[in-house]
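Opening my notebook on this one. I want to see how the chain is put together, piece by piece.

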Amino acid sequence: MRRRRWLISLGVLSMIGMGFSITGTVTGARKTCPADSLSVHDTVPLPAFAYSMKMSEDTLILPDSRELWERFFDELDSLRAGKDTVVTIVHLGDSHIQAGHLSGRTMRLLHQVFGNAGRGWIAPFKLGRSNEPDDYFIKSVVRNWVAGRCVQRKRKTPVGIGGIGIQSTSPSIDFDVIMTPKNGAGYAFNEAILYRGEESMRMLPAGTLKDSVRLFRADTVCAPGVLADTFRISRLTDTLQIQSTRRKEGTDKLLPASFFTNLYYGFQLRNGKAGILYHSIGVNGAMYVNYTEEDYVRQLVSLKPSLLIISLGTNETFGRRFSSEEFSGQIKAFLSLVKKESPNTAILLTTPPECYKRVWVNKKRTYARNTNTERAARTIRKVAQEESVACWDLFTITGGKNSCRKWYNARLMNRDRIHFKKEGYQEQGTLLFQALIDSYNHR
């Protein structure tokens with residue numbers, strides 16, 4: 001097997017604050033392409049770290065059986081060789097992922113090395129009254145949205161690939177999909193795939209670009225109860241406007257609004273180029289059990305991921321009686337469904353970083369280290385070995401035991417001492433990128 005080695009070389013070390021910053025590059029040796037003798041040479045600057053972490057040699061451990069990972073690495077080789085192909089990565093998680101900073105940093109660094117095939121999955125979080133990544137907007141004049149989430153005990157609506165769904169009784173639905181000028185730079189798109197409920201109103205192009213958009217309406221479901229309509233635009237754009245219609249297809253007859261169940265799940269944005277398509281999917285409060293449903297997993301794997309990264313485990317550690325055995329069973333139940341529905345997907349489990357929890361001391365509320373995160377990390381490592389999937393130990397590489405104090409003192413954690421600030425998540429995203437590249441280099 002021909003292998004392409006791309007090396008991370010750590011460069012300047014400079015003391016700042018309580019630690020040191022690391023700047024580096026991802027560099028590749030020159031390679032001659034047979035077709036046109038094109039020399040390829042890339043350099044990707046790595047962002048500086050804010051403080052010194054406990055950096056182990058390698059915390060991404062591949063399984064002994066590496067056939068799926070070798071296939072994934074071969075697909076990356078194809079991108080480096082200049083082949084016109086798209087390699088799909090899905091990153092599934094909780095609030096650490098919904099914010100988009102960790103996965104967004106990893107995505108952007110991978111795009112610099114292997115090519116950018118588009119922004120991937122985006123969900124209408126703000127319309128559902130939740131926080132949204134800062135590189136896009138999904139807007140609507142409709143205000144009476146009801147939001148369902150996979151974490152709800154009794155879901156207000158069915159949920160889609162993004163773990164959420166939004167529903168409205170409005171007789172007219174509209175969406176504006178917008179990449180933000182600064183944070184969304186580089187993610188213009190010429191294809192948007194709308195995922196909607198099977199009984200929802202059909203959507204048509206609107207706005208200034210409507211004559212430049214071709215609509216390919218789905219005639220079969222891509223997953224149970226889900227239709228995926230494709231809007232193809234004649235040029236790259238950072239904005240798409242679409243508007244619902246109640247007109248019966250092929251006629252001038254208007255159907256009553258009560259005829260429809262207006263349920264929408266999100267979009268997939270692509271640009272028609274070769275490269276990595278990185279879908280980031282996270283829901284605040286999510287745990288393994290919230291995604292462990294056959295219908296949901298079928299939706300998830302309809303994205304056809306070559307690699308599935310699973311970043312869960314933090315919320316489980318806040319249960320009153322956290323049990324490693326029960327947690328292990330929950331992970332295995334989810335993995336069983338994924339392996340059944342997508343046997344050719346490489347899987348990477350990540351451990352949660354350490355955090356605090358609220359406790360009462362002398363009748364006063366304060367914060368203490370959440371010791372369950374260490375137990376959860378140990379359980380995830382063990383399950384990964386037993387299930388022959390890869391594991392990236394974020395808990396260890398970010399400092400391990402008592403590291404939450406360092407992160408908080410470095411002002412990289414939020415006041416709730418569970419979530420991180422944007423800069424903290426971005427540092428973790430850089431670490432994940434480094435771990436993936438290192439495994440790719442040294443397989």
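I count a residue as buried under 20% relative accessible area, exposed over 50% and partly exposed in between, using a 1.4 Å probe and protein chains only. By that cut-off, buried residues make up 54% of the 443 residues in the protein chain.

Ground rules: this is a predicted model, where local features need pLDDT of at least 70, side-chain atom pairs count only at pLDDT 80 or more, and totals for chains, interfaces and linings use all residues. Numbering runs from 1 along each chain as its sequence is written, and side-chain values use heavy atoms, with hydrogens and water left out.

**Whole chain.** I looked up the secondary structure and got 10 helices and 22 strands; these are DSSP runs numbered from the N terminus, helices being H or I with at least four residues and strands E with at least two. For contacts I used heavy atoms within 4.5 Å. Of those with a separation of 6 or more, 75% are between residues 24 or more positions apart.

**The open sheet.** Which strands form it, and in what order? I found 6 strands, in the order β4-β22-β19-β18-β5-β17, with mixed pairing. Two strands pair if DSSP finds at least two bridges between them. β4 (60-61) and β17 (275-282) are the edges, each with a single partner strand, so one side of each is left without a neighbour in the sheet.

I zoomed in on β5 (residues 86-93), which runs parallel to β17 and is joined to it by 8 bridges. Here V90 sits opposite H279 of β17.

**Helices over the sheet.** Helix α3 (residues 101-114) lies across β5 and β17, at about 175 degrees to β17. My angles run from 0 to 180 degrees between N-to-C directions, and axes are lines fitted to C-alpha atoms, for helices over the stretch in contact. Helix α10 (residues 422-441) lies across β4, β5, β17, β18, β19 and β22, running at about 140 degrees to β22.

**A helix pair.** I checked α6 (residues 324-341) against α7 (residues 372-387): they pack at about 40 degrees, with axes 10 Å apart. Their contact includes F327 and I331 of α6, along with I380 and V383 of α7.

**Another strand pair.** Is β12 (residues 202-206) largely enclosed or open? 4 of its 5 residues are buried, so β12 is largely enclosed by the rest of the structure. Its link to β15 (residues 239-245) is antiparallel, with 5 bridges. I noted A206 opposite Q241 of β15.
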